[in-house]
Amino acid sequence: MRVLVVKFSSLGDVIHALPAVTDAGRMLKETITIDWAIEEQYRLLADWHPAVERTIPIALRRWRRMLLSDSLPALRTYLQELRSCTYDAVIDAQGLVKSSVFGVAAARGPGHGFSSRCAREPVASFFYGGGRHFISTGLHMIERIRRLFAMTLGYQLPENTPDYGLPNQRTGQTADNTVLLLHATAQQRKLLAEEKWITIGKMLLSRGLQPELPWGSEVERQRAERIAAAGGGRVLARLPLEEMAAKMTAATGAIGLDTGLTHLAAALQLPCLGLYVATDPKRTGNLGSNCKQLENAGAIDAQQIVATFDSLLAKPDRQ
């Protein structure tokens with residue numbers, strides 16, 4: 001059986017699909033080959049997963065900034081690679097029009113995905129000739145995708161906690177004293193007040209830990225510099241995904257908002273406290289053996305946040 005996974009972006013969304021790929025690889029073992037169509041900047045994550053045979057990069061984000069005539073050659077190359085195999089199932093784990101058009105409809109094989117009653121963009125289900133599956137939107141997204149794969153591929157859903165399938169580079173490694181403060185997120189409503197980050201950083205410093213502030217845009221860099229200037233930590237250089245993952249595998253822990261890097265920390269088994277200001281952690285929270293979440297974090301003081309993080313680090317079974 002050859003299966004194509006369609007999950008283009010974003011970072012957190014890609015990470016949410018990893019446990020389902022782990023399930024399929026384990027349950028079907030030598031009988032399945034998995035390819036993954038994915039945005040080029042997140043290809044590394046799919047490449048890391050041992051169950052993924054081939055990644056097919058797409059660059060929709062970059063193409064949107066280009067003239068049509070400049071993007072067409074790259075689009076043709078993507079489509080040629082996508083259609084070089086015939087698939088037994090094409091699974092749209094994203095449920096968007098872009099994933100159904102550039103993934104399911106463009107590939108060779110029956111498409112499967114969420115039904116119109118539960119897809120993020122209901123019209124996307126029009127392209128799922130192989131199967132439209134209703135899976136409650138009240139479940140965590142990781143659980144929804146795991147069920148989608150099990151229903152599509154015909155195996156019983158494993159009862160284990162989500163396994164992202166990424167190499168555990170923390171095994172046997174002594175962590176340094178850094179704590180990543182993942183203060184950046186694409187949506188304003190998810191942000192935590194800078195004053196709270198400053199207090200969190202100062203409290204961590206008083207415990208002998210070194211807060212570090214990653215960033216990915218100019219706005220995020222300026223925020224990180226303001227927090228650092230007030231004594232809340234130090235600003236990191238801008239790091240590509242591979243170097244950020246390496247930084248996480250060496251760190252003591254992370255405190256982060258509802259953002260892709262927080263989900264990456266969970267996938268890499270870094271002790272991680274998720275701060276959910278305006279979203280529901282029961283649906284999109286960071287999940288893992290070394291994770292905790294705080295809902296309505298904007299109303300929680302910095303002392304309680306750090307105390308919760310302390311309890312996470314004190315877990316006797318943490319990796």
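Mentor: One term before we start: contact means heavy atoms within 4.5 Å. Helices (H or I, at least four residues) and strands (E, at least two) are DSSP runs, numbered from the N terminus.
Trainee: And where do the coordinates come from?
Mentor: This is a predicted model, where local features need pLDDT of at least 70, side-chain atom pairs count only at pLDDT 80 or more, and totals for chains, interfaces and linings use all residues. Residues are numbered from 1 along each chain as its sequence is written, and side-chain values use heavy atoms, with hydrogens and water left out.
Trainee: Which residues of H7 and H8 meet?
Mentor: From H7, Glu-194, Trp-197 and Ile-198; from H8, Arg-223, Arg-226 and Ile-227. By class, that contact has three nonpolar, no polar and three charged residues. Here Ala, Val, Leu, Ile, Met, Phe, Trp, Tyr, Cys and Pro count as nonpolar, Asp, Glu, Lys and Arg as charged, and the others, Gly among them, as polar.
Trainee: At what angle do H7 and H8 cross?
Mentor: Roughly 50°, and the axes of H7 (residues 194-206) and H8 (residues 218-229) come within 9 Å. Axes are lines fitted to C-alpha atoms, for helices over the stretch in contact, and angles run from 0 to 180 degrees between N-to-C directions. H7 and H8 are therefore oblique to each other. Under 35 degrees is roughly parallel, over 145 roughly antiparallel, 65 to 115 roughly perpendicular, and the rest oblique.
Trainee: New topic. What is the strand order in the open sheet?
Mentor: E3-E2-E1-E4-E5-E6, six strands with parallel pairing. Two strands pair if DSSP finds at least two bridges between them. The edge strands are E3 (52-58) and E6 (131-133), each pairing on one side only. Twist averages 20° from one strand to the next.
Trainee: How many bridges join E5 and E6?
Mentor: Three, in the parallel sense, with E5 covering residues 111-114. His-112 stands opposite Gly-131 in E6.
Trainee: Which strands does H6 touch?
Mentor: H6 (residues 141-153) packs on the sheet against E1, E4, E5 and E6, and its direction makes about 160° with that of E4.
Trainee: Last one. Is Leu-11 buried or exposed?
Mentor: Buried (under 20% relative accessible area; exposed is over 50%, partly exposed in between; 1.4 Å probe, protein chains only). Leu-11 has a relative accessible area of 11%. Leu-11 lies in H1 (residues 11-28).
Trainee: What is Leu-11 in contact with?
Mentor: Leaving aside neighbours within four places in sequence, Leu-11 is in contact with Tyr-42, Leu-45, Leu-241, Gly-260 and Leu-261.
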